[in-house]
Structures are given as C-alpha cells and as structure tokens.
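Reader: I have a model open on my screen and would like to learn how to read its features one at a time. Could you walk me through them?

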Amino acid sequence: MSKIRPSATMPHRDQPSPLVVTLNCVEDCALEQDSLAGVAGVEYVPLSRIADGKIESATAVLLHSLAYLPRAAQRRLRPHQLILCLGSADRAVDSTLAADLGLRLVHVDTSRAEEIADTVMALILGLLRRTHLLSRHALSASGWLGSLQPLCRGMRRCRGMVLGIIGRSVSARYLASRSLAFKMSVLYFDVPEGDEGRIRPSRFPRAARRMDTLNDLLAASDVISLHCALTDNTVQILNAECLQHIKPGAFLVNTGSCQLLDDCAVKQLLIDGTIAGCAIDGAEGPQWMEAWVKEMPNVLILPRSADYSEEVWMEIREKAISILQSFFLDGVIPTNTVSDEESEASEEEEEEVSPIRHGKLALVESTSRQQQGEKASEFKESLSPGQNTAIKPEVRRSRSGKKAKKRHSQQKHMQRAEGSSGLHEESSTSRREDIAMSDSEEVLSSSSRCVSPEDSRSRKTPLEVMQQNQLVRSSKKFIGKSSELLKDGYVIAMYAKDLSGLHVSRQRTKNGGWFLDTLSNVSKRDPAAQFIIAYRNKDTVGLRSFAAGGKLLQINRRMEFVFASHSFDVWESWSLEGSLDECRLVNCRNASASLEVRVEILAMVGDDGVTRWID
C-alpha cells in the first residue's frame, strides 16, 4: 500500500466532487452511488458516448479489461487516473498494456474456486447424463415421439467412476470434495507450474490418491479435468503423444486456457470415438466453435463463464468500493493485485494445524492445574497442628481430598505406565519378530546348499513372510464375519489363500479385456490390487476394480473371473462367507464359481461419507 497527498484527491468545498466513471462493466451503479455518497460521484458511460468528455474528467475509472476496450477509449485514459480492472480474464495482458500506455492499473478480483468446481461438476454430470442432447431432442419438431433409447445410449453413472485431476489449485480441492460426495474415486497429478510455485498447493482430501506420472493418471481415469495455470511448463500439457495414453471412453473437461490442449488431437480422438465427450469453457474463434458444435454432438462449450456467479461479482464490487473510499478519504491506493488465493491456502493450513494447537493448549492447561494442586497440597502439609486449631477440620478434609487426588493420580500413573509398557511390549515384539526374521533369513541362506528343490519351492520368501505377518496384524483389528465387517464403499485387497500373492486386475492384451490374476511382485498400494465393495442388497455384493475403471468382477460363460460391466446383474453378484482371514466369495449365478481369499481392509467410509485410508 502506498500513500499519496490527500490534496490531490480530496476536493475543497468550492471544488466539485471527483467523478468515478464505469466503462462497459457496471451499468446499474446504484450500489456505488450510495456507498460513495458525499465522497465522489459515480456515472456509467457506455462505449457509444466516449466522446462526451466524461472519461478525461474522471478521477477513477472502473472497467472489465483494458485489452478489450476499443483504441478510442484507451486513448482517452490519463496517467493520473486510478483505473480499477474488475475481474480481468487475463491480468498479464492488461498489466503489460497499461505499462505501455503509462496508466496506473489496479486489479480487483476474488477467489472463484467454488464457481469453477461447481461448473466442472455440472459439465461432468451433463456429459455423463447427456442432458444437452436430450434437451435438444425435447425442443425439436419430433418432441417426445419415438424411442429415447438411441439418445440415452452411453449414459453413465457417477458412482464408481474415477476422476483424474491435473493440477493442485483450490478449485481442484473443491472439485475433489464434490466428486467424493458422488461416490467417485479421485486421482490427481501435481503439475510443476514454475512461477506459480510461490502459492502453496492446495491439500486434497485423504481419500484422493496422488499419481506419479501423467500417463498413469490418463490411463486410469474415466473423467479428466484440467486445473493448472498456463505457464511454459503447461503449454499443451495434453498433446497428441500424451493423449495416446488416455483411457478409451473417457471424458475430458477443461475450464482453463485453451492452450493447455492440443485441439487437433482432441478433435481426432472425438471423431475416432476414443474420447466419449468433451467440455470446454471458451473457444478461440467462432468458426472453430461452430464446427465443433455441428460435427460433435458430444461436445459442450461455454462462453468463458465457468468462474462467474452473482456472489463473486458482488464481492468484487464491494472490494472496489472499499478501495475507492480509501483512495478518496485517505489517499491510499493498493499497488498489487487483490486476490484471495493465498489467503485460502493459508486458511487450509490453519484448519489442519488448529486441532494440534488445541491439543497442545489442553495439555498445558492440564499440567498447570496439576502443578497448582500439588503446590496447594504441599502448603497444607507444612501446617503444624498447634499453629491454628480452627482450621483442623479443613485440614482433615483437605487431607482426605489429597488422598483421593493421590489415588486418582496413582491410577492415572498406572494407566500411563500400562500404556507405555504396552507400547514397549509392542515395539519389543516387533523387534523380536524382525530379529527372528533376520535369523531365519541367515539360517535359510546358510542351509540353502543342503535342501532339496521341493523344499525350496515350498519354503516362503522373506517378502511373503512379511506380507503374512502384516496381514495377521491387520486382521487382529477386525474380528467377525466378513459380511458384517465389509461395508459399502470400503476398499480392500485380496490375498491368495496360500499367500502366494495378491489378486489383481490385468489386461490380456493392450486395449483388451480385464481379468483377475494373482501376482506376487505387487503391493497392496498398487491400484490393480485394490477393489471397492459395492453392495447390491444386504446379502449380495460386487467388487469394483480401480484399474479396470470401476468395472465389476463377474463370471463369464467360460467360468473365468473377468471385469466387463459397470452395472449389476446376477453374474456380478457375490455372497460373502466366513471371516476376513478365510473369506469365500460365491457367485450368485453359479455356486461352483467361488474364490477363497484373505481380505485386508485398506480404506473405510467415515460418518461424513468420505472414504479414508487406514494407514
């Protein structure tokens, strides 16, 4: 913030009040007139009346974007004027143009993360439910005549689908929270954005999973949404080579810059049918937009309106009014862009750190109270019986209270000792297990020359022993029937009965079908080894695969375990028998088709409906 002399802005009594002109942005300026009454006059000047001389005589000018003003209006702006740019779409271009013209430009904006997240969610629902096509059909000449099944073909359900988010902006975090409420799985890829690194990235919900590479995210996502700023590192981040890894039948949503995408490659994938649908906020050129809409009925294009709402516009106007009041009354103007992106990131950190701070404060208060109680008891013990006989009953009561406090403190001390001893016992047992494992490995390595090939095949490797111990520890937490412990939305991993490996979903060939296989060189953190519990009713469940895009485990006519459909049928329905350690999945269509596994719960659904990882 900088100060200027008040005499340059504050008028004398014999001088007219300063004038504020709104250029092509605020037509109804009643709010500004009421707020600046007695300070400055506010008047709206349309572009058809720029020759009236109002712009030259104004002290402050409000506009949307300096770059979108006609040259005739730009030449009438003066260097001494305060120019407020309200919600500019491209701040860098406006700032560069203002520097070339020698103007004093101040950007006034606010956070639009919630608006962008709401728009992206609406576009995703529109693509999945094909509402735009059905609306066109309802307004056509045929009306509701004929069959709707051809138009409804391709409609998808949100639940069980995988959303891939590129970027870690605040709008990306809001979109992740909204999609989790729709029972979707969330993956995200952190894009290095260079200069934008000064703003700390937003923290995603715990249920969201971070992908190491962009290609892995594209291959595993049913819906892809871009939430990264346009920098040198992100220009055409989805180019033709990168789009070759996209999952067939996926949907693409971009509410950022059009330069993040390779338009020709995206259009070709839409023509080929590799991409099922696309939604874009803004298109460069009317011919390009018209060609897309005519040729592609599965394309949604918005006129750069994803970040707009009446609440956002009102916040921007209120900020502009406060800036004008400070300018006219105190002679103070801001020198930087007004935005809330950094403050929201700091608020996220404060929300996460606040429980820890509260816990520390509670600990300090409890220790201070305990110290005060100990000092009071010591003072009462120091009093002799002959000093004051009138306080003997009080002393007796205080001693009895002191004994109770001592008992209470002793009990607390015993509980803490038991807890600490339990922790020491757990740590010592884990150390003993590690020592025993290391000893067993040494014995195995020393006696490997004397064993037979049959014994070497039957002997378990150290990795399998570690998996078995980990499974035993995790299974102790959940005791009971598997049908009672496993709830809708839980994420599980299924070990083979002999612990030879994990059950995973794989493709036979590239772009081929998915089937259930057993591998020993994978971990439970691999998406191919993770399955979502989906209850059809209280007796039957389904297993959706992360890697297969939420497809359900089923039995085909050749009695093979495959993933082929997203919707429930009798082939995809299973019943659970036994405990988690000895669980048996029986197909409801054919009872002879069963799968004996050991189940480990990886993620659970909380009371707020959000799935969180246990580890």
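Predicted model: local features only at pLDDT ≥ 70, side-chain atom pairs only at ≥ 80, totals over all residues.

Reader: Where does Pro248 lie?

Author: Pro248 sits in the loop between helix H10 (240-243) and strand S11 (250-254). The C-alpha atom of Pro248 is separated by 9.8 Å from that of Leu218, a residue 30 places apart from it along the chain.

Reader: And does Pro248 count as buried or exposed?

Author: Exposed, because its relative accessibility is 53% and the cut-off for that class is over 50%.

Reader: Let me try a residue with another setting. What does Asp307 touch, not counting residues up to four places away in sequence?

Author: Asp307 touches Arg112, Glu115, Ile116 and Val312. Take Glu115: 192 residues separate it from Asp307 along the chain, yet their C-alpha atoms are 5.0 Å apart. Asp307 itself is placed in the loop between strand S13 (299-302) and helix H13 (310-330), and a relative accessible area of 25% makes it partly exposed.

Reader: Which residues does Ile321 contact, its neighbours within four places in sequence left aside?

Author: Ile321 is in contact with Leu31, Glu32, Ser35 and Leu36. This residue lies in helix H13, and Ile321 is buried, at a relative accessible area of 7%. Between Ile321 and Leu36 there are 7.6 Å from C-alpha to C-alpha, with the two residues 285 apart along the chain.

Reader: How do contacts look over the chain as a whole? What percentage of those between residues at least 6 apart in sequence join residues at least 24 apart?

Author: The value is 60%.

Reader: On to aromatic rings. How should I read a pair?

Author: The general idea is that two numbers describe a pair of aromatic rings: the distance of the centres and the angle of the planes. A search of the whole structure here finds 4 aromatic pairs. In one of them, the ring centres of Tyr188 and Phe204 are 4.1 Å apart and the planes make an angle of 5°, so this pair is stacked.

Reader: Which parts of the chain does that pair tie together?

Author: Tyr188 belongs to strand S8 (residues 185-189), while Phe204 is in the loop between S8 and strand S9 (209-210), so the pair ties together parts that are 16 residues apart in sequence. Tyr188 and Phe204 are both buried.

Reader: Which residue lies over the face of Trp613?

Author: That is Arg525, at 5.2 Å from the ring centre of Trp613.

Reader: Now helix packing, please. Which quantities matter?

Author: Two packed helices are described by the angle between their axes and the distance between the axes. In this model, the axes of helix H5 (residues 113-129) and helix H8 (residues 170-181) come within 8 Å, crossing at roughly 45°. That angle makes H5 oblique to H8, and the crossing of H5 past H8 is right-handed.

Reader: Which residues make the contact?

Author: From H5 come Ala113, Glu114, Ile116, Ala117, Asp118, Val120 and Met121, and H8 brings Val170, Ser171, Tyr174, Leu175, Arg178 and Ser179.

Reader: One last topic: backbone angles. What is phi of Lys183 near?

Author: It is near 65°, a positive value in a residue other than glycine. Lys183 is in the loop between H8 and S8 and counts as partly exposed, at 42% relative accessibility.

Reader: Where is Asn24 found?

Author: Asn24 is in the loop between strand S2 (19-23) and helix H1 (30-35). Phi of Asn24 is positive as well, near 55°, and a relative accessibility of 41% makes Asn24 partly exposed.

Note on methods
Residues numbered from 1 in each chain as written. Heavy atoms only, no water. Phe/Tyr/Trp six-rings, centres within 6.5 Å; stacked < 30°, edge-to-face > 60°. Helix = DSSP H or I, 4+ residues; strand = E, 2+ residues; numbered from the N terminus. Buried < 20%, exposed > 50% of the residue type's maximum accessible area, 1.4 Å probe, protein only. Lys NZ or Arg CZ within 6 Å of the ring centre and 35° of its normal. Axes fitted to C-alpha atoms, helices over the stretch in contact; angles between N-to-C directions. Parallel < 35°, antiparallel > 145°, perpendicular 65-115°, else oblique. Left-handed = near helix turned anticlockwise from the far one by under 90°. Contact = heavy atoms within 4.5 Å.
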